[in-house]
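Welcome, and thanks for taking a look at this one with us. Please have the model open beside you as you read the notes.

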Amino acid sequence: MCTAVPYASRAGGRFDPIGYWPYRRTMISRILKHIIQKIIISTDPDGPQSEMNLAVVEDTDFQGLSPDGRTPGERAEEVLSSMNLDEKLSFVTGYKSLALRALPRQRLPSVWMSDASSGPRCFGATTAFPSPVAMAASWNPELTAQAADHIAEAARAKGVSILLGPGVNIARIPSCGRNFEYFGEDPFLAGTLAAAYVKACTRRGVICTVKHLAVNNSEYDRHKISSNLDERTLREIYLPAFEMAVKEGKTRGIMSSYNPVNGVWASENRKLLTQILRDEWGFDGIVVSDWNSLYSTASPMKAGMDIEMPAAKWLTPVRVKAAFVKGEAGEDDLDRMAGNLLRTLFAAGIYDRPVKNPEAREFHPDHENAALKAAREGIVLLKNEGGTLPLPRGEGITIAVCGPLALESSTLGGGSCHIAGDTGTVSLYQGLKAAVSGDSLDGDAAKIIYVQSLNNPGSRKTIRDADAVVIACGFNYQTESELYDRPWRLPPSQRRLIRRVSRLNSRCAVILTAGGGVETESWIDDVPALLHGMYLGQAVGTASAELLFGIENPSGKLPFTMARKWNDIPSVRNYPRRYWTTTAGRLALGQGNPRLRKMRHWDYSEGLMVGYRHFDTAGVEPAFPFGFGLSYTSFIIEDLQLSAETIGPEDSLEVVVKVKNTGNKAGSEVVQIYVADTESRLPRPAKELKGFSKVHLEPGEAAETAIRLNPRAFSYWDPDADDWVAEPGEFRILAGRSSRNIDSEAVVILSRPGE
Ligand code: BGC
């Protein structure tokens with residue numbers, strides 16, 4: 001059974017350990033949320049199983065051909081032609097909330113699904129990998145693929161064949177409750193990591209459902225707020241990550257989103273689900289509805305939906321048959337849906353193997369090590385003045401640790417990406433203790449003291465006398481979650497704590513847990529060191545301690561921009577003023593029923609100017625720029641060379657740069673390649689990320705790294721041509737360490753076709 005929602009018990013029965021007062025007022029909503037979550041995930045207590053296991057085939061690299069050489073399409077056709085109307089009707093709606101129904105007459109077993117991106121959270125415990133935003137902060141597709149490989153292996157061990165992730169929605173506003181489940185604000189970064197993730201899962205025979213198509217960038221009233229945007233913004237910002245997951249990652253699944261897009265619910269949006277997805281991008285897999293995201297019967301069937309989850313609500317046999325009678329939909333629609341499901345399941349080899357792979361490892365130290373590796377690279381060092389970090393160590397040293405997340409470290413945000421039963425969370429306090437008592441410090445020791453509050457003279461003295469203090473702040477699975485958005489500012493109690501600690505001891509470091517940007521302007525000058533820890537999964541404490549003590553060198557880079565002021569972010573222009581509050585009505589009423597509440601409209605009036613695209617084009621100083629992250633060593637990036645001075649519209653360009661580690665500690669740097677169009681018919685952002693590469697170097701070592709830019713790197717979506725257009729002319733190719741820190745550049749000329 002999916003043990004996903006002991007939210008309250010994890011917090012020891014307290015609902016608001018973080019202490020943000022608006023949350024206290026939303027207790028009813030939170031309880032309601034637990035109930036909703038329980039309902040959507042309650043499944044067969046025995047989990048995935050079937051008595052109809054067929055032949056066993058190898059668990060990797062399915063070619064999609066049956067042993068007798070028939071294609072998945074031919075096999076699907078054959079099964080489809082044997083199905084009667086009732087079988088087809090029941091096949092296109094969910095079973096036990098997380099499965100596709102078995103077809104007993106055809107001897108095809110049920111097929112099981114599970115959330116998702118940080119590990120298969122349903123059907124018992126699992127290793128909690130870092131959140132997708134932490135994976136994005138690593139800027140390391142190989143590491144992401146490694147994590148995905150282990151996640152998929154655990155899924156296969158549990159009998160899960162469809163993973164309900166990863167999510168690739170763009171972090172448009174820092175407060176979106178689900179930013180932690182996504183890969184940051186840049187479509188190229190998100191698409192690259194999603195493609196790597198999907199490929200790794202597909203190799204294990206697990207179908208990914210890349211979600212949520214599309215423009216689902218806030219949890220505030222997600223069923224009822226239409227994301228309204230122009231075609232160019234849709235194509236350049238909100239769709240490319242999906243497009244890359246389809247074209248490069250070859251994903252076999254897509255999940256639609258809750259929200260309407262330009263007034264048409266995503267689940268009934270034929271333009272998104274069929275015209276763009278299948279006709280333009282060549283997607284050949286299944287479209288799964290988000291849970292309770294259908295709002296009518298015929299429209300989703302016509303639009304390109306393949307299965308209603310978690311159960312039949314709008315696609316009940318009675319309703320579908322009534323739609324047939326009225327001529328609103330026909331059996332050909334149903335055949336297409338069932339056919340897509342069957343063909344994709346055959347192609348992935350799911351019907352040719354046991355439900356559970358007995359050889360796959362559900363838990364293994366390899367998984368835990370991979371989770372730790374990914375967590376280390378997901379941490380971003382944002383500030384480090386006066387040698388505050390690494391923390392001092394040695395006989396007689398005392399490190400004080402305080403803050404709401406020191407003992408109860410947050411592993412992941414809340415909702416369907418949250419893993420309640422992991423295989424062993426290490427808190428920050430435990431991680432620090434282990435780091436000083438282990439061999440890793442060559443016998444060095446330090447005393448780690450947890451300080452719960454500053455309310456008595458003794459604890460204040462401990463802080464004052466310590467050699468350094470670590471303050472663990474941020475959000476957790478209750479305060480940052482699916483279903484509602486979170487405040488941009490840290491809770492007042494946490495800001496107060498930072499101020500008071502910094503006055504008592506100037507050698508202090510804040511480590512943040514959040515899925516995106518938070519306000520730092522009001523307290524950043526008080527602290528000499530700051531790390532953004534994202535959500536690091538179960539290895540949170542170990543990874544954080546290793547970086548704090550300098551056992552590992554930070555190499556993460558922000559996958560989003562951190563603003564100084566809320567109003568510097570143009571995307572918040574039409575955002576509700578009290579966006580962080582939730583009410584029972586907003587959460588529950590009208591879910592999946594358009595008649596209960598009206599649709600509201602939210603204009604994406606900033607257009608392309610999301611994140612650094614805005615800050616860099618408008619020249620607004622951010623608190624910390626996109627792509628930024630410090631190290632305990634230093635690097636230079638130089639000698640940018642291009643494979644050609646002039647290229648044609650269909651050509652790729654190779655960019656080669658030299659990176660040198662100029663410090664005295666081994667470390668990794670991310671070379672970021674931005675493209676800037678010097679002159680263009682339509683306005684374009686000042687620069688856009690189009691390539692990157694992470695390079696590991698020993699002290700004093702230098703290496704060259706090559707990054708290929710494909711023709712799309714120079715193009716924009718031209719609404720007149722209704723297509724991508726690369727305008728001839730001059731482009732600047734910029735290599736840097738953040739969007740604001742460009743070290744080397746060169747110019748390439750894009751010639752006219754035939755020139
Ligand atoms: C979420 C999906 C998730 C599904 C199943 C929904 O509430 O939006 O992302 O996969 O639940 O848990």
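This is a predicted model: local features need pLDDT of at least 70, side-chain atom pairs count only at pLDDT 80 or more; totals for chains, interfaces and linings use all residues.

Elsewhere, the largest pocket holds about 780 Å³ of space, and the largest cavity has a volume of about 150 Å³.

**The ligand and its shell**

- The side chain of Glu482 has an N or O atom 2.5 Å from an oxygen atom of the ligand.
- For the side chain of Asp290, the distance from an N or O atom to a ligand oxygen is 2.7 Å.
- The side chain of Lys211 also takes part, with an N or O atom 2.8 Å from an oxygen atom of the ligand.

**The largest pocket**

- A total of 31 residues line the largest pocket, and those nearest its centre are Phe188, Thr192, Met244, Glu248 and Asn710.
- Helices α7 (141–158), α8 (187–203) and α10 (240–247) each give two or more residues to this lining, as do strands β21 and β22 (702–709).
- The lining divides into 13 charged, 12 nonpolar and 6 polar residues.

- The largest cavity, at about 150 Å³, is lined by 17 residues, with Ala171, Arg172, Pro174, Glu185 and Thr561 closest to its centre.
- By class, the lining of the largest cavity comprises 9 nonpolar, 6 polar and 2 charged residues.

**A five-stranded sheet**

- Five strands form an open sheet with mixed pairing, in the order β18-β26-β25-β20-β21.
- Strands β18 (646–647) and β21 (688–697) are at the edges with a single partner strand each, so one side of each has no neighbour in the sheet.
- Strand β20 (residues 667–677) pairs with β21 in the antiparallel sense, over 9 bridges.
- Within this pairing, Ile673 has Gly691 of β21 as its bridge partner.
- Strand β21 links two of our topics: it stands at an edge of the sheet, and it is among the elements that give two or more residues to the lining of the largest pocket.

Notes
Residues are numbered from 1 along each chain as its sequence is written. Side-chain values use heavy atoms; hydrogens and water are left out. A polar contact is a pair of N or O atoms within 3.5 Å; within protein, one must be able to donate a hydrogen and the other to accept it, and residues adjacent in sequence count only if both atoms are side-chain atoms. On a 1 Å grid over the protein atoms alone, a cavity is a set of points where a 1.4 Å probe fits but cannot get out, and a pocket is an open set with protein on both sides within 12 Å along at least five of seven lines; lining residues have an atom within 4 Å of a point. Grid points are joined across faces, edges and corners, and a volume is the space filled by probe spheres set on the points. Ala, Val, Leu, Ile, Met, Phe, Trp, Tyr, Cys and Pro count as nonpolar, Asp, Glu, Lys and Arg as charged, and the others, Gly among them, as polar. Two strands pair if DSSP finds at least two bridges between them. Helices (H or I, at least four residues) and strands (E, at least two) are DSSP runs, numbered from the N terminus.
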